[in-house]
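Student: Could we go through this structure together, one question at a time? I would like to learn how to read it.

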Amino acid sequence: MNILILGSGGRESALAYKLKQSPQTDKLYVAPGNAGTGLWAENVAIDPMNFAQVKDFIIGHDVKMLVVGPEEPLVQGIHDYFLADAGFRDLIVVGPCREGAKLEGSKQFAKDFMRRAGIPTAAYAAFSHGELAQAKAFLRTLKPPYVLKADGLAAGKGVLIEPDLGRAEKALDEMLEGRKFGAASDKVVIEEFLDGIELSVFVLTDGTHYKILPEAKDYKKAGEGDTGLNTGGMGSVSPVAFADAPFMKKVEERIVKPTLERLKAERIPYSGFLFIGLMNVAGDPYVIEYNVRLGDPETEAVLPRIRSDLAELFTAMHRNRLDEVELEVGKEQALCVMLVSGGYPESYKKGFELNGTENVSPGTLMFHAGTAMDEAGRPCTAGGRVLAVTTLAPDLESAMRKTYSEIGKIGFEGMYYRKDIGKDLCR
């Protein structure tokens, strides 16, 4: 079948890499894609938010499966758009409808949903523009540090963790009054801080049945030792040592099952990926957030470990028969390091040529994120997070040595990367 992936980042590169391996895949397209997705698919100049344009392409190219990479088209209802047209009843759409996508589109909706479902999560309260005094009063009931979240989508930058009350109150002023994150911070969710270690768990579901994919840990801070500014992610590892069978059983029983049961109880149809951002607090899982798509850069560590046919899994999901297929996962350790532009996550320059990628060893995976082709047809930098480099090895230490050795062969002007991805998990 012909498959269209929407998106242009490292996540979509990894999806293209994996779907290309499927015998079910005839022609693979990515819209708009990047300089790397062209290795596995044909890039097409389509805006994922232009649903009519996506529809025309699907009709014109006999596309049977639509894989929605980023969150915004889902939150804006791209799945509903195709469901409303009887001619697309058989189109396999990977990603939930608008109502399900509110789990990511609204932090307050997600927290209220967790409360109704009995999901373990941090104490919280939500405040709108004009409720600044009440918000500050609630802040004073909490202990530092303070967690402030813009309610809407803010390109992964809407979460602030402030170390003291003064800075938290100033951040509230900037979010609610100064609209720091635009319309996304017209409402702010204030949460109790959970002290633990983070973990990302991914679930593929047809709304009734589910498969728990390999877990991952990502690294958000720009600087080594988890210092500096928050980013979209500087690297990831999978599997994660502390996510052993007893812990993952708690995740399944306390979080995955109650979440899906509550979705059904509230008659919210859900098919696609559910990303569960967790905090391991003294051996117990608490939900930090839901996302309604795969995470980035976790995807670049998770998908290479999956041996099952991804297109087959998506087809079974569409037919509500996910329980009839097996999920096979390799035991290798995957380690992904993100190469970023100098200055990221603040201002940075673009247009620098990527050098040395042809020298990496066979088996090294390079998932392009922020890249494009220059006028001479050469890949160049086009974003903050440029290239995700992933290797597989028998253990974490070997994976670290392997990935960083391969990175040494690659370069572009201003290139920066963390040199300690995975180090905190080494025994």
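Student: Leaving aside its neighbours within four places in sequence, which residues is Glu169 in contact with?
Tutor: Happy to start there! This is a predicted model, where local features need pLDDT of at least 70, side-chain atom pairs count only at pLDDT 80 or more, and totals for chains, interfaces and linings use all residues. Residues are numbered from 1 along each chain as its sequence is written, and side-chain values use heavy atoms, with hydrogens and water left out. Contact means heavy atoms within 4.5 Å, and for Glu169, beyond the neighbours within four places, the residues are Lys136, Leu139 and Arg140.

Student: Is Glu169 buried or exposed?
Tutor: Glu169 sits in helix H8, residues 165–177; helices (H or I, at least four residues) and strands (E, at least two) are DSSP runs, numbered from the N terminus. Buried means under 20% relative accessible area, exposed over 50%, and partly exposed in between (1.4 Å probe, protein chains only). The relative accessible area of Glu169 is 17%, so Glu169 is buried.

Student: Why does the radius of gyration of the protein chain agree with a compact globule?
Tutor: The radius is taken over C-alpha atoms, and the globule rule is 2.2 Å times the number of residues to the power 0.38. For 427 residues, a compact globule would be near 22 Å, and the two values agree because the protein chain has 21 Å.

Student: What share of the residues in the protein chain is buried?
Tutor: The C-alpha trace spans about 55 × 50 × 45 Å along its principal axes. Within the protein chain there are 12 helices and 22 strands. Of the 427 residues, the buried share is 58%.

Student: Which helices and strands do the buried residues of H5 pack against?
Tutor: Helix H5 covers residues 98–105, and its buried residues are Gly100, Ala101, Leu103, Glu104 and Gly105. They pack against helix H3 (71–75), helix H6 (107–117), helix H9 (245–265), strand E16 (272–281) and strand E17 (284–291).

Student: How many Å separate the C-alpha atoms of Glu72 and Glu104?
Tutor: Glu72 lies in helix H3, and Glu104 is one of the buried residues of H5. With a relative accessible area of 41%, Glu72 is partly exposed. Along the chain Glu72 and Glu104 are 32 residues apart, and their C-alpha atoms are separated by 9.4 Å.

Student: In E2, what is the bridge partner of Leu6?
Tutor: Two strands pair if DSSP finds at least two bridges between them. Strand E1 (residues 2–7) and strand E2 (residues 28–32) pair in the parallel sense over five bridges. Leu6 has its bridge partner in E2, and that partner is Ala31.

Student: In the hairpin of E13 and E14, which residue takes a positive phi?
Tutor: Strands E13 (residues 221–223) and E14 (residues 227–230) run antiparallel and are joined by two bridges. The hairpin has three residues between the strands, and the residue with a positive phi, near 75°, is Gly225.

Student: Where is Asp62, the residue other than glycine with a phi near 50°?
Tutor: Most residues other than glycine have a negative phi, and most peptide bonds are trans. Asp62 has a positive phi near 50°. At a relative accessible area of 44%, Asp62 is partly exposed. Its place is the loop between helix H2 (51–60) and strand E4 (63–68).

Student: Which residue does a cis peptide bond join to Tyr344?
Tutor: The omega of this cis bond is about 15°.

Student: Leaving aside its neighbours within four places in sequence, which residues is Thr403 in contact with?
Tutor: Thr403 lies in helix H12, residues 396–407. Its relative accessible area is 0%, so Thr403 is buried. Beyond the neighbours within four places, the contacts of Thr403 are Leu335, Val337, Val389 and Thr391.
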